[in-house]
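I opened this entry to keep track of what I looked up, helix by helix and then loop by loop.

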Amino acid sequence: MRVLLIGANGYLGRFVADRLLADPAVQLTALGRGDDADVRFDLASGSPGALTRFLDAVHPGVVINCAGATRGGARELTRHNTVAVATVCEALRRSGCGARLVQIGCGAEYGPSQPGSSTAEDAVPRPGGPYGVSKLAATELVLGSGLDAVVLRVFSPAGPSTPAGSPLGRLAEGLRRAMQSGDGELKLGGLGVQRDFIDVRDVARAVHAASLSAAQGVINIGSGRAVRLRDAAAVLARVAGYGGALHELDGPSSPIRPTIGHPRTEPDHAAPAAYPYPDGCGSWQQADVRTARDRLGWRPRINLEESLADIWMEAACRI
């Protein structure tokens, strides 16, 4: 099977590439803006015609789009997340390759949800910021393209290579600095939000499964369980061996203790954190992942503690 992977050098794309390269039945070609891509092409500025000629030459059976931007202003996000996808869709429509499209979407497309609820694919999207809007527009382009296509709405990815600027990446960096300087107390803010974290390697498995399936439409990819960021911080501290105290600036006055893996007897839905999580999804997000199970035969395998251990391992190497 010939697979064209767009965005292979990105956070998710690297793990998707590794997963596909491990499949002897896959012949992989990487397209992107970096020098390490097999073919250099900028989706945000390149023409659909140029991409069509490349598709006709390579003739892939599957095109996987992991490219996009998570930061920047509305204009930049629109270029890299929406215009780029319009280019892919138009090139595939013009091409004679008949390739299946696997588009990587994002849980931020849904926007804020009711605390305690699980968001299914039929929920009405109400993104709370320009990133979610740009990704939702891309999803609508794919769904309306008439192509054989599926959109995987990935919730909050975690694990190795987690960007330092992400909430979990910032937590790990804060711990690293505290341990390096010998600080016995680490003060943290904005940990009241709850998110559905999913390991990037499980995401790669889902992409691989989607490329082999006939499933179309939107499919959520998450763990199916919301975790409070303060609980993730406590587990990260334990994994790191940090013996100091963690104090939340805008939350409970008592030291933070880990509760991941221990269900609450009653839902604990606090007010939104003083410093909003940057995805525009408010205080709570949890995926309904039954569609991924039923249509892709996929379930998450890697628990959050393992993901956090890998995040810390990379941060510790900078000490």
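I began with a cut-off: buried means under 20% relative accessible area, exposed means over 50%, and partly exposed is what falls in between. The model I am reading is a predicted one.

**Entry 1: Ser 161.** I applied the cut-off here. Ser 161 has a relative accessible area of 25%, so I noted Ser 161 as partly exposed. I found Ser 161 in the loop between β7 (156-158) and α5. Its phi is positive, about 70 degrees, although the residue is not a glycine.

**Entry 2: His 59.** I looked up another residue with a positive phi. His 59 is not a glycine, yet has a positive phi of about 55 degrees. I placed His 59 in the loop between α2 (48-58) and β4 (62-65). The relative accessibility of His 59 is 40%, so I wrote down partly exposed.

**Entry 3: helix α6.** I turned to α6, which covers residues 200-212 and has 13 residues. From first C-alpha to last, α6 reaches 19 Å, close to the 18 Å expected at 1.5 Å a residue. How many of its 13 residues are buried? I read off 10, and noted α6 as mostly covered. Among the buried residues I listed Val 200, Asp 202, Val 203, Ala 204, Arg 205 and His 208.

**Entry 4: α1 against α6.** Next I checked how α1 (residues 11-21) packs on α6: the angle is about 60 degrees and the axes are 8 Å apart. That angle makes α1 oblique to α6. I recorded the crossing of α1 and α6 as right-handed. Which residues meet here? On the α1 side I found Tyr 11, Leu 12, Phe 15, Val 16, Arg 19 and Leu 20. On the α6 side I found Val 200, Arg 201, Val 203, Ala 204, Arg 205, Val 207 and His 208. By class, the residues of the contact of α1 with α6 are 9 nonpolar, 1 polar and 3 charged. Val 200, Val 203, Ala 204, Arg 205, Val 207 and His 208 of this contact are also among the buried residues of α6.

**Entry 5: helix α7.** I moved on to α7, residues 229-240, with 12 residues. α7 reaches 16 Å from its first C-alpha to its last, close to the 16 Å expected at 1.5 Å a residue. Since 10 of the 12 residues of α7 are buried, I noted α7 as largely enclosed by the rest of the structure. The buried residues include Leu 229, Arg 230, Asp 231, Val 235, Leu 236 and Ala 240. What covers the buried residues of α7? The cover includes the helices α5 (167-181) and α9 (304-316). It also includes the strands β8 (185-188), β10 (197-199), β12 (227-228) and β13 (245-248). Just after α7, I found Gly 241 with a positive phi of about 75 degrees.

**Entry 6: α5 against α9.** I noted the crossing of α5 and α9 as right-handed. From α5, the contact uses Leu 168, Ala 172, Leu 175, Arg 176 and Met 179. From α9, the contact uses Leu 308, Ile 311, Trp 312 and Ala 315. By class, I recorded 8 nonpolar, no polar and 1 charged residues in the contact of α5 with α9.

Key
Residues numbered from 1 in each chain as written. Predicted model: local features only at pLDDT ≥ 70, side-chain atom pairs only at ≥ 80, totals over all residues. Heavy atoms only, no water. Helix = DSSP H or I, 4+ residues; strand = E, 2+ residues; numbered from the N terminus. Expected span 1.5 Å × (residues − 1). Buried < 20%, exposed > 50% of the residue type's maximum accessible area, 1.4 Å probe, protein only. Axes fitted to C-alpha atoms, helices over the stretch in contact; angles between N-to-C directions. Parallel < 35°, antiparallel > 145°, perpendicular 65-115°, else oblique. Left-handed = near helix turned anticlockwise from the far one by under 90°. Contact = heavy atoms within 4.5 Å. Nonpolar A, V, L, I, M, F, W, Y, C, P; charged D, E, K, R; others polar.
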